[in-house]
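Hello,

Please find the structure below. My notes on what was found in it follow.

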Amino acid sequence: MAPRSFSSELAQSFESERPLRVLVGWDASNSEAIEFAAWLGRSLPVTVRVAASVSGSWTKSLSSKKYDKWLQKQRDTISEKATKALKHELPRSQWADPVAQVLERGSLAECLFEMADGFEADILLLGSKSKTSKGRFRPTSDADEMMHSSPLPLGLAPKGVQLSKKGITRVTYSLIDSGAVQPSFSGLAYATTLACLLDVPLRIIAFSPSEGGGFDDQEDQMEWNEAALGLLDRARDSAFAVAEHLGPEHTERLDVSTFVATGKGWKKAIDSVKWKKGDILCLGSKSSGPLKRVFVGTREGEFIRFAPVPVIVYPRGKH
């Protein structure tokens with residue numbers, strides 16, 4: 001899949017009224033990813049397709065004819081369940097044709113990326129493990145693989161998340177590496193574009209768990225705070241530069257707030273922030289080479305685990 005400018009494509013989709021093409025990686029034990037897609041559809045024009053996988057375990061090999069029959073039965077069953085789930089969440093006008101696509105189990109990540117390419121998807125949505133605390137995110141093994149290799153923005157839905165009926169009402173962009181000397185602000189253009197087009201506020205927050213900051217004394221803490229505040233100022237300037245590129249009306253209307261969130265560990269740092277049902281959280285991934293790919297490192301992975309609202313991870317290239 002060739003590198004793409006998702007921020008520009010997001011803006012162009014509004015101008016041309018082209019629906020955002022959303023691919024949902026789904027299984028019957030997890031409805032959050034479909035709910036995430038429906039929630040996006042309350043704010044944006046979307047076309048949604050659901051992708052699921054089938055696998056079998058046999059004590060002996062099946063003939064080609066029996067295997068084809070089994071596979072078709074599995075596809076029919078899963079498609080029926082996926083369609084039923086969609087009926088409760090998404091109007092038919094936002095369904096792709098076909099709305100469900102069932103994969104024969106191999107590498108789910110590779111299959112989804114291939115499907116995303118064929119569907120010309122703009123974003124891929126995944127849910128959490130079924131056994132996860134409410135309001136928290138734990139990736140499945142397949143999701144974990146995609147969090148290290150997705151070529152397009154990756155949406156992650158926490159377990160049991162409650163979403164606003166009004167859709168997205170605020171965009172939050174997170175900085176979790178305040179020690180960066182030359183930050184790229186990966187994903188900030190996407191977050192700003194989303195906020196501008198939806199005409200909702202943009203928050204830029206520098207997060208830091210105090211126990212991970214290496215603060216030996218109050219002076220170290222103060223130095224980090226100064227660095228974080230400087231970083232936030234630069235990020236704010238970058239956000240307004242994006243808004244100006246979109247048009248002067250966006251620069252005038254863009255509401256940007258910035259602050260630092262700390263706490264003992266990621267959970268307390270994140271929980272120190274007030275979250276609403278209409279919040280969406282955006283962050284950039286680490287560099288993964290010359291091609292644009294999502295690459296969620298250990299720090300980002302720990303942060304995402306405690307995110308209480310839907311997350312979009314933006315792919316970042318080397319440059």
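**Salt bridges and a buried aspartate**

D271 and K267 sit four residues apart, about one turn of the helix, and both belong to helix 9 (residues 266–271). Helices (H or I, at least four residues) and strands (E, at least two) are DSSP runs, numbered from the N terminus. This is a predicted model: local features need pLDDT of at least 70, side-chain atom pairs count only at pLDDT 80 or more, and totals for chains, interfaces and linings use all residues. Residues are numbered from 1 along each chain as its sequence is written, and side-chain values use heavy atoms, with hydrogens and water left out.

D271 and K267 form a salt bridge, with their closest N and O atoms 3.0 Å apart. The term means a side-chain nitrogen of Lys or Arg within 4 Å of a carboxyl oxygen of Asp or Glu. R136 is linked with K267 and D271 in a network of salt bridges. The structure holds eight salt bridges.

Another one joins the side chains of E32 and K159 (3.7 Å, N to O). This pair links distant parts of the chain, 127 residues apart: E32 is in helix 2 (residues 32–41), K159 in the loop between strand 5 (154–157) and strand 6 (170–175). E32 and K159 are both buried, where buried means under 20% relative accessible area, exposed over 50%, and partly exposed in between (1.4 Å probe, protein chains only).

D279, in strand 9 (residues 279–284), is also buried, at a relative accessible area of 0%. Its side chain makes a polar contact of 2.7 Å with that of R170; such a contact is a pair of N or O atoms within 3.5 Å, and within protein, one must be able to donate a hydrogen and the other to accept it, while residues adjacent in sequence count only if both atoms are side-chain atoms.

Regards
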